[in-house]
Amino acid sequence: MSGQNVNTPPSLYPVPEAFAAQAYIGSRQAYDQLCAEAQKDHESYWARLAREFLSWKQPFTKVLDSSNAPFYKWFDDGLINASYNCLDRNVEAGLGDKVAIIFEADDGKVTRYTYKELLEKVSRLANALKAQGVKKGDRVVLYLPMSVEGVVAMQACARIGATHSVVFGGFSAQSLRDRIEDAGAVLVITADEQLRGGKALPLKAIVDEALAMGGCESIRQVIVFQRTGGNIQMQAGRDVWLHDVLAQQSAECPPEFVSAEHPLFLLYTSGSTGKPKGVQHSTGGYLLHAALTTKWTFDLKPDDVFWCTADIGWVTGHTYVAYGPLALGGTQIVFEGVPTYPDASRFWRMIESHQVTIFYTAPTAIRALIKAAETNEAVHPRKFNLTSLRLLGTVGEPINPAAWEWYHREIGGGRCPIVDTFWQTETGGHMITPLPGAHALKPGSCTLPFPGIDAAVVDEAGKEVPWGQGGVLVVRKPWPSMIRTIWGDPERFKKSYYPADFGGQYYLAGDGAIRDAETGYFTITGRIDDVLNVSGHRMGTMEIESALVSHPLVAEAAVVGRPDDLTGEAICAFVVLKRPRPTGDEAKQLANELRNHVAQEIGPIAKPKDIRFGDNLPKTRSGKIMRRLLRVIAKGEDVTQDTSTLENPAILDQLAQSN
């Protein structure tokens with residue numbers, strides 16, 4: 001790179017030699033060999049890994065059943081139990097006294113649980129569920145705080161062959177009711193309250209409200225975990241305390257071995273309109289990918305301390321908290337609180353005190369912490385000893401290059417690879433991701449497909465486009481952890497994920513992507529419906545957001561489209577600065593500066609027509625930006641959708657008035 005300024009970051013970050021020397025997949029050659037094995041014989045490749053990574057009660061003889069495509073089945077005649085694979089086999093292998101979970105509560109109190117203790121807790125709850133009449137195939141809804149009890153409840157359901165459906169503790173009573181009704185759940189496990197950021201927030205009261213709405217007649221029992229001791233109502237004959245139902249139960253519960261295709265869980269995803277979609281995942285195929293990606297993407301070693309900050313209410317908390325690390329006998333952090341309480345150094349303090357080695361979080365959290373660090377030196381990560389870290393990861397949405405660089409420099413000390421992972425609720429685990437010992441890293445790119453995942457970028461006719469040209473992301477071959485169906489709605493499954501436009505053959509991810517012309521690395525450009533068409537030019541919102549955030553004053557940005565008489569669609573940007581929000585002439589002047597900056601980074605066509613400044617962006621409590629609400633504001637309409645999952649609903653008024 002001739003003429004490069006010494007302060008300019010490199011376009012590619014090579015794999016650190018010391019990391020590669022110790023990694024499970026320690027070279028590009030090793031990665032290519034795995035991909036070649038999968039390409040040569042797709043079924044044999046996955047069968048080999050399923051035998052190596054999982055323990056089977058009855059070995060499978062069938063690998064892939066495509067007879068009713070796209071309703072694919074994997075390892076169907078094999079018998080397996082997810083809880084046995086996560087707990088019993090680790091105890092049997094001599095890891096009973098190894099710490100499985102380090103739980104840090106909202107108030108900072110720390111509790112440790114060994115594999116033996118976790119197995120006993122899971123077995124007691126599994127016996128209690130059976131005593132309440134829950135049987136194999138029943139659905140159980142979990143509406144719980146981020147807690148060890150949440151993980152135990154998931155594992156207990158898996159142990160007896162019940163299908164769990166976790167509903168994030170920030171969802172409204174209406175959202176909870178809809179999910180209970182759709183799943184036909186027989187039992188709810190909840191808590192009196194949850195603690196977040198020093199505040200007690202209701203859970204049981206929301207369950208009561210949901211069940212009172214009607215449509216949840218399938219519910220026979222509500223089990224309540226006493227988290228805070230808050231004052232709640234208990235309905236006689238329906239509601240029971242968790243500690244009461246556990247009191248008489250044995251700490252031994254034989255696992256119920258089920259078909260590999262048995263539904264392990266339903267996890268609901270909601271669009272801006274319509275009925276929530278119950279994504280159905282299998283037991284064997286899902287657990288294989290959970291274990292495999294935890295080992296290869298995170299290079300998880302026996303002495304690592306792994307921390308995925310996601311709540312169990314989201315798929316990331318399923319795969320990389322409740323299942324993946326436990327299936328490998330790992331030690332992990334489970335954290336109840338939020339990154340900004342009691343101040344914005346909470347993550348860095350915890351990494352230092354628990355000697356975390358692998359840290360996996362969302363770009364939105366990173367950007368918020370950048371803003372906090374830039375305005376308050378006391379919470380800057382350089383004030384803390386983060387040298388225990390050896391690997392960083394991001395999840396939830398693409399990370400813009402400026403945030404990537406900060407994360408790499410300030411958190412990883414310039415020495416830790418970053419795995420920028422692309423995947424979805426529907427895919428069960430990582431689909432496109434660097435393997436940290438094999439891939440040079442490009443900020444903003446999720447690099448190459450996980451070995452065995454046949455991802456491609458195609459045009460609207462399903463034909464692969466040349467590298468350097470944008471298109472639609474698809475997966476051309478089935479894989480074990482894929483969504484099996486939408487619960488109770490197979491036609492919606494086919495229409496959503498295997499549309500006729502692509503001949504019903506390819507899994508449609510719903511994202512736009514582009515492959516780098518030189519390296520072939522994938523960059524996700526945003527949801528297909530987040531690709532703007534301005535005067536006939538198609539642009540990904542992520543590209544414009546990244547350009548805005550590369551400006552030294554910008555902490556965070558979200559870009560949406562709004563209808564425009566002249567250009568068809570106009571670009572509307574919502575911007576959070578690293579300094580107080582400007583108003584009046586200062587806001588106009590800065591908006592022009594940012595427009596010119598975007599024009600310089602991408603081109604004049606990408607200039608946002610509207611730029612609005614806010615103290616923050618509307619986010620769910622898990623840190624996801626709610627862009628659908630921003631689209632409503634950009635159109636000048638009133639927000640009428642459910643905003644109960646928002647961390648900061650007041651921000652909507654501020655952004656609406658900032659035009």
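This is a predicted model: local features need pLDDT of at least 70, side-chain atom pairs count only at pLDDT 80 or more; totals for chains, interfaces and linings use all residues.

My entries below cover the sheet, then the helices on the sheet, then the pocket.

I looked up the strand order and got β5-β4-β17-β16-β18-β19-β20, an open sheet of seven strands with mixed pairing. I then checked the edges: β5 (110–114) and β20 (418–420) each pair on one side only. From one strand to the next, the twist averages 20 degrees.

**β4 and β5.** How do β4 and β5 run, parallel or antiparallel? They run antiparallel, and five bridges join β4 (residues 99–104) to β5. I picked out I101 and found that its bridge partner in β5 is Y113.

**Helices on the sheet.** I followed α12 (residues 346–354) and saw that this helix packs on the sheet. It touches β4, β5, β16 (305–308), β17 (331–335) and β18 (358–361), and its direction makes about 150 degrees with that of β17. Next I took α14, which lies across β18, β19 (391–394) and β20 and runs at about 155 degrees to β19.

I went to the second largest pocket, which holds about 1,000 Å³ of space. It is lined by 38 residues, and the closest to its centre are I514, T523, I524, T525 and E543. Which elements give two or more residues to the lining? I listed α14 (401–411), β22 (471–475), β24 (507–515), β25 (522–527), β27 (537–540), α16 (541–549) and α17 (584–601). I sorted the lining by class and got 17 nonpolar, 13 polar and eight charged residues.

Technical notes:
Residues are numbered from 1 along each chain as its sequence is written. Side-chain values use heavy atoms; hydrogens and water are left out. On a 1 Å grid over the protein atoms alone, a cavity is a set of points where a 1.4 Å probe fits but cannot get out, and a pocket is an open set with protein on both sides within 12 Å along at least five of seven lines; lining residues have an atom within 4 Å of a point. Grid points are joined across faces, edges and corners, and a volume is the space filled by probe spheres set on the points. Helices (H or I, at least four residues) and strands (E, at least two) are DSSP runs, numbered from the N terminus. Ala, Val, Leu, Ile, Met, Phe, Trp, Tyr, Cys and Pro count as nonpolar, Asp, Glu, Lys and Arg as charged, and the others, Gly among them, as polar. Two strands pair if DSSP finds at least two bridges between them. Axes are lines fitted to C-alpha atoms, for helices over the stretch in contact, and angles run from 0 to 180 degrees between N-to-C directions. Contact means heavy atoms within 4.5 Å.
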